[in-house]
Amino acid sequence: MRPLLFTLLVTFATTATAAERRATLTVDTRDAPRRILHVQETLPATPGAMTLRYPKWIPGEHGPNGPVVDVAGLVVRAGGKTLVWHRDDVDLYAFHIDVPRGAASVEVSFDYLAPAEREDGYSSAGSTTAELLALEWNLVVMYPEGVSERELVISPRLLLPHGWKYGTALETARASGDSVDFKPVTLEMLVDSPVIAGAFFRSFALGGEPAHTLDVVADSEGALAIEPAHLEALKRLVVEAGALFGARHYARYHFLLTLSDKVAHFGLEHHQSSDNRTRERFFIDRDARLLSSGLLPHEFVHSWNGKFRRPLGLATDGFDKPMKGDLLWVYEGLTNYLGWVLAMRSGLVSPDWWHDDLAQTAASMDTRAGRSWRPLEDTAIGAQLQGRSSQAWQSWRRSLDYYPEGTLLWLDVDVAIRQRSGGAKSLDDFARAFYGGPNKGPEVKPYTLDDITTTLDGIVANDWKAFFAARVDRIEPHAPLGGITGGGWRLVYNDKPNERDKALGKDDKLASYSYSLGFAIRNDGSVTDVIPGTPAAKAGLGPAMKILGVDGRKLTHDSIADALKLRRGTIELLVSNSDFYKILKVDYRGGARHPHLEREAGKTDLLEAIGRPRQTSTSPTK
Ligand SMILES: [Zn+2]
């Protein structure tokens, strides 16, 4: 950034009046099916040097993910003239202009080139199909540097493809034909209030006070057919979340759900809504539903943990401000855990499913080769880049481990509170204390690790700092399994397939032999990961190779299963590696090993107590 310009911008910020901080934004999505969105904005301006910014650091994505490379056709006008713009040559998200004398606003137009189909990434990945659109506003907005996102007030308008319906937490001011005007909101709230729209749309009232709504778009009408039991479980989720936190911090809440196999699959949290994207057959296929059963509860929990209470390093003011992810093991880890707790209490999943999921998480974290060099906290600090890393050598590099290991960690905390208080207290008490208070609508209360440990100490006395230091800051060869063992269970391996892995195999075509031979593959044999130190790794197998045959026969899951069953001592893998073929001899006679939880006789079942509904009676959706 050029120092001279900076001085001018400060002047700009302090002299702009409230009336000048109003902007309009029109996003024309009528070309969404061909993956191009047209943007027109009127932004407040004062004569002289001015910088327009495109959002870079995206809340909830924890990284500099704003896809400025997908901006095209930028034109800036003021006072009837086209202005010359100049991109900053260091900060590529900043565009410098010179506003002519007498102009009080600038008109900005550009296109956002939406990537086709699924690609890795979050909101900047595939978000449109022929039939639907999931829109995060940070993709389609520029703003004047120097005006706070909490002060710039924007009147958004959306033009939709003919006949498409929409869902959002934004309030509609006026809708006519395919044009929708939303009530003015601050830039911060706009970016916090995505819209989904599509030809196949349904909306369901989920009850609660304030009102909760499930808005769904899908790539087919058939995909909208939610089972009554599933809908009932989502209504219980609303009730159970209220019972867990004892408070809400929104004026209304919309679960926005996009069902498509052509968009990127993830969830993104917001104060008053969540942008959830998963498989098209989520409502109608049991495996698809179970595999994503944690998605809506997770994103819902974020309204309290992540949006309302937020680590100081992530509570930035301005999309150009770098974020610090060191407490993501609280932001994401605790959300992951509480999401599962609520999924259990509302009956979205059965205890058996939760146990298999937990076993899979425990086994995968416990066998992470990268535990030998990398503490959990470092996976959180590295989050802003980690999201883009390859899956290859995942066990060795460690991935976004603060999510799954966070589940184990916070189960450990919950069980420790229950044990130390003789069953009188639990993590629910922490949730009420930490996330309570009156509902003033969307609000951010930043926190530090000290705030967490002090609140925990108020529930039950313990050296919580030391507790977390041992599990988070230090290199620790084993995953924190204290919540499982203290909860009356133990992690075991046997030849019975894990239900979650079975569903994953059918749906995402992934098969894990991680705990026997030491690798994971897709159905076509391509190796996604190899765990260092395992028999397959010692035999020379690596990611990106492809297994073509097992013991002289074409690869199928049966051929691997049969070879494991025979326990001959050596399993021969015919492998292709770029253009070359090789036979690798894997020295292994242990048989199949799949992770499960097993009850520890004589110990109280705390997992059952944790999953028991507080407010509602449940019968898990089958
Ligand atoms: Zn999350």
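How many salt bridges does the count come to? The count comes to 33, and this tour of a predicted model stops at several of them, after a look at confidence and at the metal.

**Colour by confidence.** Now select residues 1–19, where pLDDT stays under 50. For this stretch the model has 25 contacts beyond four places in sequence.

**Select the zinc ion.** Around the zinc ion you will find NE2 of H298, NE2 of H302 and an OE atom of E332, at 2.0 to 2.1 Å. Read along the sequence, these donors follow the spacing H-x3-H-x29-E. H302 sits in the loop between α5 (295–301) and β22 (309–311), while E332 sits in the loop between α6 (328–331) and α7 (333–345), so this pair ties together parts 30 residues apart in sequence. Show the surface here and check the two residues: H302 is buried, at 0% relative accessibility, and E332 is buried too, with a relative accessible area of 1%.

**Move to the tryptophans.** Select W373, W393 and W396, which form a nonpolar patch on the surface.

**On to the charged pairs.** Side chains of opposite charge can pair when their charged atoms come close. Select R374 and D378, whose side chains meet in a salt bridge at 2.6 Å, N to O. Is each partner buried or exposed, or in between? R374 is buried at 8% relative accessibility, whereas D378 is partly exposed at 28%.

Next, pick helix α12 (residues 404–420), which holds both R418 and D414, four residues apart, about one turn of the helix. Their side chains form a salt bridge at 2.9 Å, N to O, and both residues are buried.

Then select D428 and R614, another salt bridge, with the closest N and O atoms 2.7 Å apart. This pair links distant parts of the chain: D428 lies in helix α13 (residues 427–435) and R614 in the segment after α20 (606–611), 186 residues away. D428 is buried, with a relative accessible area of 5%, but R614 is partly exposed, at 40%.

**Last stop.** Select R368, R371, R398, D401 and E405 together to see a network of linked salt bridges.

Notes
Residues numbered from 1 in each chain as written. Predicted model: local features only at pLDDT ≥ 70, side-chain atom pairs only at ≥ 80, totals over all residues. Heavy atoms only, no water. Donors = N, O, S within 2.8 Å, 3.2 Å for Na, K, Ca; no water. Helix = DSSP H or I, 4+ residues; strand = E, 2+ residues; numbered from the N terminus. Buried < 20%, exposed > 50% of the residue type's maximum accessible area, 1.4 Å probe, protein only. pLDDT = per-residue confidence, 0-100. Contact = heavy atoms within 4.5 Å. Patch = residues over 30% accessible without salt bridge, like charges linked within 9 Å, V, L, I, M, F, W, Y side chains within 5 Å. Areas by Shrake-Rupley, 256 points an atom, 1.4 Å probe, with all protein chains shown as cover. Salt bridge = Lys/Arg side-chain N within 4 Å of Asp/Glu carboxyl O.
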